[in-house]
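These are my notebook entries on a structure with two chains in view. I looked up helices, sheets, domains and contacts in turn.

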Amino acid sequence: MTKIGIPRGLLFYRYFPVWETFFETLRIEVIVSDPTTEATIRQGSKLLPSDLCLPIKIYFGHIESLREKVDFLFVPRYISIESDAYMCPKLIGLPDMVLCAIESLPPLIDLPIHCKAHGTEAERLFYLKVGKIFSKNREKVERAYAMGMERQGRFRTLLRKSFSFEEALHLSRSSEIPEKLREDGKVKVGIIGRPYYTYDPFLRRSIVEQVEGRGYHLLMIEVLSDQEIERGVEKLRKRIYWSFGKEMVGSAIIFAQERSIQGIINLASFGCGQDSFNFEMIQHLIKGRVPILSLVFDEHLSDVGFSTRIEAFLEMVDRGVNQR
Amino acid sequence: MKLSVPYLGMLHKAFGPVLRNAGVEIVLPPRPTKKTLDLGTKHAPEFACLPFKITLGSMIEALELGADSIFMPGGWGPCRFGYFDVIQEQILKDLGYSFTMGSAKNPDDLRDMLDMMQRIAGLKSRAGLYKLFFFVLVRMSFLDWAMKKYFHYKPYEAVSGETDRIFEKTVHLIENSLSFPQLIKSVSIISLWFRRMEKKNGAHPLRVAMVGELFTLLDASANMEIDMRLARKGIEVLKSVWLSDYLNDRFRFKPFRKNQLKLSARYARPYLRFHSGGESTESVGKTILFAKNGVDGVIHIFPFTCMPELVAQTILTKVQKDLDIPILTVIIDEHTAVGGVETRLEAFIDLLERRRRRC
């Protein structure tokens, strides 16, 4: 059986269910790299110029660990996933960077998705083209795509119900969607960042342990629907033309206005160009309403440094709760 | 209406006199210095890029001088430049300044741009504005042309400082040519000046190409005057992007010239197959083009945290190996010091000279 490698990084944390089901339905073995470790980061850092951001380095580390085990590598070029917004320039140039920075790679599957130029059909056309590489039977590819999207839909619903990433991945395989126990009464803290920070177990570990361990309910951006996020950003003077940026700003506003959130944690990586602007906007828009903590990742992660800051932040959250 | 426009290379020389002539009041802050940058850094987000900080500082200086509208057109991604206007307006208004931010709804559309310009400049006639805009673009092209001439002739000058004197006169002359016939006349005079300049015989200068992000490539406040430093050392300097080309590509205005972005994309294709914002395609494409034309070395310059150029940097490491062309990467932020840059430049030039002797 043909083996396709999917690096556990970047958009893996957003689109993996559709990728997996799509390839499995086409009878291709999906091989995912192991979860991020310090070695992954070290390996990635070695391959890239030092100023690139941590998620990209992690991604390269994953590719490095996969490249000898698979027949194909899946590194799609996500240019835009909406008609009026782009992805980060680094994601747009991702396959080119991979080809230039890593040697002796298996063939890359790096077709583009560009909804801004090709409309809403862009995503479907992308999967049809990918499918064509492996199967001549167009109907079969269409079916694989439909099944993939179905699972992706269930996955999103599960995340909206506040299931964790791993739970959602597992549960989305069956067509039934269970209910999650409601966590009433707990103080809610929102965590705002790109999916590849907020869902990477290695990066989120220390934050989640500490916040949830102390009895707070941690909300991810993904608990909000697209409509809610749109409602959050509709009053801005100019639409934000980065999809993830829009999500982050929109969800911060909705969290603060409607979800009775008591604190917001911003996650960004060192030198992230977009987040410097997004978080400036968030701070401007919800200043004074809820405490905000900004945590910046780089390859010299240290839990200790974070934990003191989180502790101070949680105390501030408690003080806000008691005052009300 | 007191209009101010942030500095970008020689742009202010292209539009300033023309707009003043049309009755628009223009406030020009002093040229950005370290103080300007410090002012911008103080109020900007930490990881905002250098162009953002310098223009922000420059805006504050202009507002202090009494400007009440600022021209910052914005854009539509994926580079951050497109969102400068919103964040800068937000920061400045939080600081308590009241002014109009001239940002276009759809900045890539010339009509929208002109609407906005009409509004903030207070010009009545639309036809007049079209003409004005076109005239400014042509002036910009000639200013760029003069700059290219300067870089071309500087290494060959026989009398030290002669080219600088001519260039100064040139800029002054173009600046004061306020009609098309006058401009054409000035240009013919200028080319005569350059041609008649006394030149060294048998000079064989090093040729260094500068590629990278537009603002750091063009504005002296952002690039530590690397271009001038090289020129003074007797090196011929080439650049990947010129402001007039950039404006021309962006508005598809086509005053008699090639689309440089498309040209670069063609050369960049084997390495970078999709334009990833900013000047990434130009940086990669032009590096390859320059290398094929036999330059001795390439300097890749961009601000710290610049997203598109980081993509280009990663790709250029491969280009460097494949084409065997030395590339010096210079990343600039508010802590970059002249001394450090100078040392690296000298080392790089040494390397280029040694390579040439070896060949």
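**Entry 1: an exposed arginine.** I began with B:R126, which counts as exposed because it has 12 C-beta neighbours inside 10 Å. The classes I used are these: a residue is buried if 20 or more other C-beta atoms lie within 10 Å of its own, exposed if 12 or fewer, and partly exposed in between, with C-beta atoms placed from the backbone. B:R126 has its place in helix α6 of chain B. I also looked up its distance to B:L114, twelve residues apart from it along the chain, and found 8.3 Å between the C-alpha atoms.

**Entry 2: basis of the notes.** I note that this is a predicted model, in which local features need pLDDT of at least 70, side-chain atom pairs count only at pLDDT 80 or more, and totals for chains, interfaces and linings use all residues. Residues are numbered from 1 along each chain as its sequence is written, while chains are lettered from A and ligands numbered from 1 in the order in which they are written. Helices (H or I, at least four residues) and strands (E, at least two) are DSSP runs, numbered from the N terminus.

**Entry 3: helix α5 of chain B.** I checked the length of α5(B), residues 110-121. Its twelve residues should span 16 Å at 1.5 Å a residue, and the end C-alpha atoms, 16 Å apart, agree with this. The expected span is 1.5 Å times one less than the number of residues. Which residues of α5(B) are buried? I list B:M113, B:M116, B:M117, B:I120 and B:A121. They lie on the same side of α5(B), because they cover an arc of only 115° around the axis; the arc is that of the directions from the helix axis to the C-beta atoms. An α-helix has 3.6 residues a turn, so residues three or four places apart point the same way. The cover over the buried residues of α5(B) includes β1 (2-4), α1 (11-21), β3 (69-71), β4 (100-102) and α6 (126-153) of chain B. Just after the helix, B:G122 has a positive phi of about 70°.

Entry 4: Strands pair if DSSP finds at least two bridges between them. β1(B) and β3(B) run parallel and are joined by two bridges; B:S4 stands opposite B:I70 in β3(B).

In chain A, four strands form an open sheet in the order β2-β1-β3-β5, again with parallel pairing. Its edge strands are β2 and β5 (108-109) of chain A. Two bridges join β3(A), residues 72-74, to β5(A), and A:F74 has A:I109 as its bridge partner in β5(A).

Entry 5: Most residues other than glycine have a negative phi. With 12 C-beta neighbours inside 10 Å, A:R27 counts as exposed. A:S162 is partly exposed, with 18 other C-beta atoms within 10 Å.

**Entry 6: domains.** Bounds come from an automatic or database domain assignment. For chain A the assignment gives domain 1 (3-171) and domain 2 (187-323), with C-alpha centres 25 Å apart. I found 25 residues of domain 1 of chain A in contact (C-beta atoms, placed from the backbone, within 7 Å) with 23 residues of domain 2 of chain A. α3(A) supplies the largest share of the domain 1 side, three residues.

For chain B the assignment gives domain 1 (2-124), domain 2 (130-204) and domain 3 (205-359). The C-alpha centres of domains 2 and 3 of chain B lie 23 Å apart, and their contact takes eleven residues from domain 2 and twelve residues from domain 3.

**Entry 7: between the chains.** How many residues of chain B are in contact with chain A? I record 36, against 29 residues of chain A. On the chain B side, α4 (84-94) and α15 (307-323) are the elements that give two or more residues, and α15(B) gives the most, with nine residues.

Notes
Two residues are in contact if their C-beta atoms, placed from the backbone, lie within 7 Å.
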